Amino acid sequence: QVQLMESGGGLVQSGGSLRLSCAASGSIFSIAVMGWYRQVLGKQRELVASITSSSITNYADSVKGRFTISRDNAQNTVSLQMNSLRPEDTAVYYCNADKRRGIWQFNYWGQGTQVTVSS
């Protein structure tokens with residue numbers, strides 16, 4: 001099993017910056033992709049950014065050029081640097097890990113952290 005612990009959420013003014021961190025523990029072997037999703041109450045959870053074990057990144061169009069996803073040297077943590085924040089970025093942000101071993105695939109989620117951007 002993989003456990004994901006998120007930190008760094010909070011309140012920030014429009015145009016400001018915030019950095020989210022996610023630490024993976026447990027059976028961390030064979031994690032292929034880690035990423036960040038966000039969700040507003042009553043709305044569908046959506047991908048914000050992802051990064052593979054070989055550091056290939058992918059971003060939602062709405063955050064491209066403003067957010068940056070990265071991993072540490074041990075590849076057991078992932079961070080999301082959020083710049084030029086807008087009120088529409090307000091949501092609960094979830095860390096995600098995709099683990100693959102041959103034909104087997106597993107998906108894990110963090111508990112979520114609130115990000116609020118004031119106008």
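Ser 79 is buried, since its relative accessible area comes to 11% (buried means under 20% relative accessible area, exposed over 50%, and partly exposed in between, using a 1.4 Å probe and protein chains only). Ser 79 sits in strand 8, where strands (E, at least two residues) and helices (H or I, at least four residues) are DSSP runs numbered from the N terminus. Leaving aside residues up to four places away in sequence, Ser 79 touches Arg 19, Leu 20, Ser 21, Trp 36, Thr 68, Ile 69 and Ser 70; contact here means heavy atoms within 4.5 Å.

A word on the ground rules: this is a predicted model, in which local features need pLDDT of at least 70 and side-chain atom pairs count only at pLDDT 80 or more, while totals for chains, interfaces and linings use all residues. Residues are numbered from 1 along each chain as its sequence is written, and side-chain values use heavy atoms, with hydrogens and water left out.

Now for the chain as a whole. The protein chain has eleven strands and zero helices, so reading from the N terminus gives β-β-β-β-β-β-β-β-β-β-β. Its radius of gyration is 14 Å, which agrees with the value near 14 Å that a compact globule of 119 residues would have; the radius is taken over C-alpha atoms, and the globule rule is 2.2 Å times the number of residues to the power 0.38. Taken along the principal axes, the C-alpha atoms of the protein chain fill a box of roughly 45 × 30 × 25 Å. Of the 119 residues in the protein chain, 38% are buried. Among contacts in the protein chain with a separation of 6 or more, 54% come from residues 24 or more positions apart.

As for charge, the protein chain carries 11 positive and 7 negative charges, whose mean positions are 4 Å apart. Lys and Arg count as positive and Asp and Glu as negative, with His and the chain ends not counted; each charge is placed at NZ of Lys, CZ of Arg, CG of Asp or CD of Glu.

The disulfide count comes to one, a disulfide being a pair of cysteine sulfur atoms within 2.5 Å. The partners are Cys 22 and Cys 95, with their sulfur atoms 2.1 Å apart. The link of Cys 22 and Cys 95 is left-handed, at -85° about the S-S bond. It ties together distant parts of the chain: Cys 22 is in strand 3 (residues 18-26) and Cys 95 in strand 9 (residues 91-101), 73 residues apart. Both ends are tucked away, because Cys 22 has a relative accessibility of 1% and counts as buried, and Cys 95 is buried at 0%.

Asn 96 lies in strand 9 and is buried, with a relative accessible area of 6%. Asn 96 and Cys 22 are 74 residues apart in sequence, yet 8.9 Å apart in space, C-alpha to C-alpha.

Cys 22 also turns up in the surroundings of Asn 76, which touches Cys 22, Ala 23, Ala 24 and Ile 28 once residues up to four places away in sequence are set aside. Asn 76 is placed in the loop between strand 7 (67-71) and strand 8 (77-82), and at 23% relative accessibility Asn 76 counts as partly exposed. Ser 30 has a positive phi of about 65° although it is not a glycine; Ser 30 is in the loop between strand 3 and strand 4 (31-39) and is partly exposed at 30%. Ser 84, not a glycine either, has a positive phi of about 50°. Ser 84 is found in the loop between strand 8 and strand 9. Asp 61, in the loop between strand 6 (57-59) and strand 7, counts as exposed at 67% relative accessibility.
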